Amino acid sequence: MSIQDAGHVDDQAKVAFFNDPKVRSWAYQIILVLFLGWVIWSIRENVSANLEAQNIATGWGFLGTTAGFSILQKLVFYTEASSYGRALWIGLLNTFLIAFLGVIFATILGFIIGIARLSSNWIVAKVAMVYIEVVRNLPLLLQIFFWYFAALRALPGKREKASFLDTIHLNITGLKMPAPVFGEGSSIVGIAVLAAIGGIFFLRRWAKKRQEEKGEQFPVFLTSLGLLFFLPLIAFFAAGQPIGLEHPVFSETGPMIRRGFALNTGLSLSPEFIALFLALVTYTAAFIAEIVRAGIMAVDKGQSEASHALGVSNNFTLRLVVIPQAMRVIVPPLISQYLNLTKNSSLAVAIAYPDLVAVGGTILNQTGQAIEIVTLWMVIYLTISLSISMVMNWYNRSIALVGR
Amino acid sequence: MTVYDKNKVSFVRSEMVGESPPPLSEVGFVGWIRKNLFSSVSNSILTIVGFYLAYQIIYVLVNFSFIDAVWSGEDGTACRAPQAPGDGACWPFVGAYFDQFIYGRYTIAERWRVDLVYLIGAIGIAWLVIERAPKRPLVAVLMLTAFPLISFILLTGGNFDYSSNFLWTSLIVAAVILVAAFAIPTMTKSNPWPTMITVAVVLLILAGVLLLLSIDFGLPEVETSLWGGLLVTLVIAITGIVFSLPVGVILALGRQSNMPIVRIICVIFIEFWRGVPLITVLFMASVMLPLFMPKGIHVDNLLRAMIGVAFFASAYMAEVVRGGLQALPKGQYEGAQALGLSYWKMMGLIILPQALTLVIPAIVSTFIGLFKDTTLVSIVGLFDLLGQMASSLSDPKWSSPMTPHTGYLFVGAVFWIFCFAMSRYSVYMERKLDTGHG
């Protein structure tokens with residue numbers, strides 16, 4: 001055996017150079033690089049020739065020119081006289097707005113449905129299952145169209161309204177709410193909120209330390225809740241009620257054309273926003289529900305049984321044993337659903353909610369700067385995706401089981 | 001002390017009492033209801049809420065689509081009429097536009113070609129799904145090779161002309177790469193003939209396909225701008241599926257490769273497509289792709305969308321396949337290598353069959369996602385099923401308050417049937433292929 005082995009080694013030394021795996025692998029890679037180089041070079045050539053033929057100047061100069069179109073929903077100042085760059089910024093903020101609100105509400109709804117799916121109550125489990133199976137198997141765009149072109153059409157007309165507690169109003173022009181007006185001294189309330197959060201942080205540390213030392217528990221949750229509520233409330237009254245509410249103005253009398261909500265009063269959400277929001281939340285919630293279900297089912301029954309056997313209460317078993325283990329399974333796919341929701345918010349363009357893609361599309365049509373706009377889109381979305389996946393990788397590392 | 005003889009004493013039982021039946025409230029229908037619906041106060045409340053919700057949904061749906069629905073009419077008058085039974089569906093609208101929903105504006109005299117493609121496709125898929133059907137591997141290969149080719153010729157009309165220089169350059173480059181890729185391994189073999197023959201056969205098949213596409217079958221050309229409805233949806237989805245699986249496998253292997261440059265290129269490619277929304281990819285395909293092409297080359301709209309969707313889907317597929325590759329125990333790789341298998345034999349015979357089986361559910365859900373995503377092409381000016389329906393809503397002849405609802409219900413039902421069937425099939429496959437140790 002050993003002699004043969006030695007002979008074999010000798011053979012390898014004499015192997016022809018093209019049989020050397022290293023040489024081969026580099027040869028393949030060089031061919032690949034050359035090929036890709038050729039593809040990229042020819043695309044470059046073609047692009048510059050085509051742009052020249054169509055008389056389109058490349059470059060980012062267009063971002064400074066006046067946009068000249070209005071945007072219905074804007075979080076910060078914007079007029080038709082603002083620049084294209086400003087318009088894109090408005091679009092990006094709108095993307096963040098829908099993504100942020102969508103993520104929060106989709107998580108809540110998704111958890112509720114996911115838990116309902118596992119309920120021992122037959123009808124609740126079945127309703128949750130039907131919801132998941134229907135919503136997951138329909139295209140999101142169809143759902144957005146449905147909410148926007150069919151469901152929202154049933155709302156009261158422009159000159160009427162449906163009100164909830166006389167503060168939140170709904171009609172075909174959107175959802176109107178009172179807007180907070182920050183008067184002088186409102187920063188005190190803000191400071192109080194920050195102080196409450198800081199206080200909670202220290203309270204938790206203190207309570208944990210005390211429990212470790214003396215074994216006594218402190219009602220951290222209730223105290224925190226009280227702190228978060230009462231501290232700003234006291235500050236609010238101490239500063240002389242600096243924050244007021246501006247109600248949307250609705251005129252029911254007068255000439256027909258003047259009836260309805262006055263422009264720029266109160267806080268308003270456009271119907272496009274509402275339709276996109278409802279569609280994204282209900283759609284993503286169905287996926288989150290399945291993730292939650294899988295996560296809870298992944299925790300072995302023996303875990304909660306063992307915990308009960310140790311005399312740990314039901315509540316603490318759930319909080320300290322089941323949920324932490326379920327979260328390890330739930331969080332990574334949950335975050336990728338958040339990412340999907342953010343990317344899916346780009347479907348806004350179909351119903352003209354002014355998000356990044358819709359605004360970019362308008363600019364693209366006006367200026368013809370296809371390459372710049374598409375590049376901008378790609379860079380922004382890639383930045384969002386990559387930063388979220390970095391956070392996810394960090395989280396995965398921090399909760400990964402430490403192998404023995 | 002008296003000893004009692006138990007046979008003589010009348011009050012001592014001589015045998016066990018039989019089990020009495022469980023109380024009526026614990027078994028059967030009543031027991032089931034008590035256990036599953038009314039086990040506690042909160043559960044009872046939930047049950048009532050649940051039944052109310054279910055009743056509401058079913059009531060609205062049944063009322064809308066059957067009881068209050070309008071079933072006949074030459075135009076929207078019946079649906080608009082105030083005496084119409086209420087908020088019911090306007091089914092004659094779907095009837096009038098049905099052909100458009102299925103074929104788009106495809107030349108009416110040539111629609112038999114679309115029907116034929118649908119028929120072949122349906123038979124092929126049914127053949128593959130039914131397990132007792134004979135020669136399934138052969139049918140699978142035909143469905144992946146001959147079927148796309150036949151469909152392509154039938155749908156477009158074939159009869160291509162290869163006069164453009166660009167096409168020739170690309171073809172020559174492709175042939176050179178193919179030969180080069182096989183030339184290096186061939187040099188190392190003691191008997192190079194089998195490989196050489198393979199290369200020759202592949203080149204011959206390619207030439208044959210090109211020749212076949214240029215033959216005039218007497219089918220009039222139908223421009224893709226006339227295609228629409230379900231036809232476009234299926235064409236984009238199926239090309240996406242057929243393209244994304246092999247490309248996804250290659251990308252996944254590339255990402256796991258030892259060659260640094262190959263790995264980096266694959267990672268960049270995958271992460272790029274996965275990081276951006278499909279709609280921007282479609283915009284890119286529709287506005288940038290024409291700029292990438294040399295002058296005089298026209299890439300038609302449908303092809304642009306297909307390319308965008310295919311690349312996008314491949315990246316997702318690559319990640320799914322990578323999941324399968326990583327889930328396999330290392331012993332499988334080591335075992336294959338210990339047997340002296342080459343890289344491609346190891347992958348093709350040992351690793352991929354197992355890895356792909358592991359991720360069948362994920363592959364199918366990628367397909368479902370792809371199928372649903374085809375609706376996005378309506379944003380870049382193509383008319384898929386949803387786009388076709390949405391555009392027909394603007395017909396004043398049929399406009400009525402309930403026409404949009406009807407249209408969305410119909411399109412939704414079609415998409416739902418396709419997606420639900422796929423997901424059920426994947427659940428079934430998962431159960432069937434589950435070996436029990438994993």
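Is B:K135 buried or exposed, and how many C-beta neighbours lie inside 10 Å?

A: B:K135 counts as exposed, because it has 10 C-beta neighbours inside 10 Å. The cut-offs are these: 20 or more other C-beta atoms within 10 Å of a residue's own make it buried, 12 or fewer make it exposed, and anything in between is partly exposed, with C-beta atoms placed from the backbone.

A word on the source. This is a predicted model, in which local features need pLDDT of at least 70, side-chain atom pairs count only at pLDDT 80 or more, and totals for chains, interfaces and linings use all residues. Residues are numbered from 1 along each chain as its sequence is written, while chains are lettered from A and ligands numbered from 1 in the order in which they are written.

Back to B:K135. Its phi is near 55°, a positive value in a residue other than glycine. The residue sits in the loop between helix 5 (111-129) and helix 6 (136-144) of chain B. Helices (H or I, at least four residues) and strands (E, at least two) are DSSP runs, numbered from the N terminus.

Chain A has a positive phi to set beside this. A:A352 is not glycine either, and its phi is near 60°. Its loop lies between helix 10 (314-344) and helix 11 (356-367) of chain A. A:A352 is partly exposed, with 14 other C-beta atoms within 10 Å.

Now the interface. In total, 53 residues of chain A are in contact with 50 residues of chain B; contact means C-beta atoms, placed from the backbone, within 7 Å. On the chain A side, the elements giving two or more residues include helix 10 and helix 11. Helix 2 of chain A gives the most, with 16 residues. By class, this side has 39 nonpolar, 11 polar and three charged residues. Here Ala, Val, Leu, Ile, Met, Phe, Trp, Tyr, Cys and Pro count as nonpolar, Asp, Glu, Lys and Arg as charged, and the others, Gly among them, as polar.

Chain A also has paired strands. Strand 2 (residues 168-171) and strand 3 (residues 174-177) of chain A pair antiparallel over three bridges; pairing takes at least two DSSP bridges between the strands. They form a hairpin with two residues between them. A:N171 has A:G174 as its bridge partner. Strand 3 of chain A is also joined by three bridges to strand 8 (residues 267-269) of chain A, again antiparallel. There, A:L175 stands opposite A:L269.

Note on methods:
Contact = placed C-beta atoms within 7 Å.
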